[in-house]
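Here is a short briefing on charged side-chain pairs. Have the sequence and the 3D view open as you read.

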Amino acid sequence: MGLFKRRRLPAERRPDLGPDERVVAWAGATGDNVVVATNHGLWLPGAGERLGWHEIHKATWSGRQLAIIAAREVPVGDDAYAVMEDLPPLVVTLLDPDRVPEQVRVRVNKSIAHTSHHPLEEITGGRGGVRIVGRRVPGVNGLRWTARYDEGVDPTLPGVAEHTRELVDWARSGVGTAS
């Protein structure tokens, strides 16, 4: 058996991969489940669809448990950027982690092209700020721009959306792309 023999994911455990999607790592999990990392995202037990790397806000590895905080889009009516909010943490115990934690870390980090935090105290009356993030999405040209408001910031307050749009425009110009 070779030193670099690659583990093969059993066919019956393979999720319904999209076009140009390939498995990069997989791990056995509790309950006779598997976690599958692909070049496009992460397939978690019980999930009927892939969680894209650009949809993962935070991931931590305890040495046994992988905790994922995904984000979802909040409708605000601005097509220049998406407002995101965190979903409850998803925690999976990996019995045989192999390269899954490493792939999660590397691929989530690689999806981020720009991140910056900006205070909004003058507009919100002293409450928090906004994080502007430009992320790479597999199969999509350009970056996907998102805004994540600090807890307590109301994005519907007068001036918040306009200032956020200016910050997104500023970040886009700094990255050198209008995408």
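Arg144 is partly exposed, at 25% relative accessibility. This is a predicted model. The salt bridge count comes to five.

**Glu73 and Arg144**
- Distant parts of the chain are linked here: Glu73 sits in strand β6 (residues 65–74) and Arg144 in strand β11 (residues 143–149), 71 residues apart.
- Glu73 is partly exposed, with a relative accessibility of 48%.

**Glu21 and Arg50**
- A salt bridge joins Glu21 to Arg50, and their closest N and O atoms are 2.8 Å apart.
- Glu21 belongs to the segment before β1 and Arg50 to the loop between β3 (41–43) and β4 (51–52), so the pair ties together parts 29 residues apart in sequence.
- Glu21 is buried because its relative accessible area, 8%, falls under the 20% cut-off.
- Arg50 is partly exposed, at 29%.

**Arg13 and Asp32**
- The side chains of Arg13 and Asp32 form a salt bridge, at 2.8 Å from N to O.
- Arg13 lies in the segment before β1, and Asp32 in the loop between β1 (23–29) and β2 (33–38), so this contact ties together parts that are 19 residues apart in sequence.
- Asp32 counts as exposed because its relative accessibility of 61% is over the 50% cut-off.
- Arg13 is partly exposed, with a relative accessible area of 26%.

Definitions and conventions
Residues numbered from 1 in each chain as written. Predicted model: local features only at pLDDT ≥ 70, side-chain atom pairs only at ≥ 80, totals over all residues. Heavy atoms only, no water. Salt bridge = Lys/Arg side-chain N within 4 Å of Asp/Glu carboxyl O. Helix = DSSP H or I, 4+ residues; strand = E, 2+ residues; numbered from the N terminus. Buried < 20%, exposed > 50% of the residue type's maximum accessible area, 1.4 Å probe, protein only.
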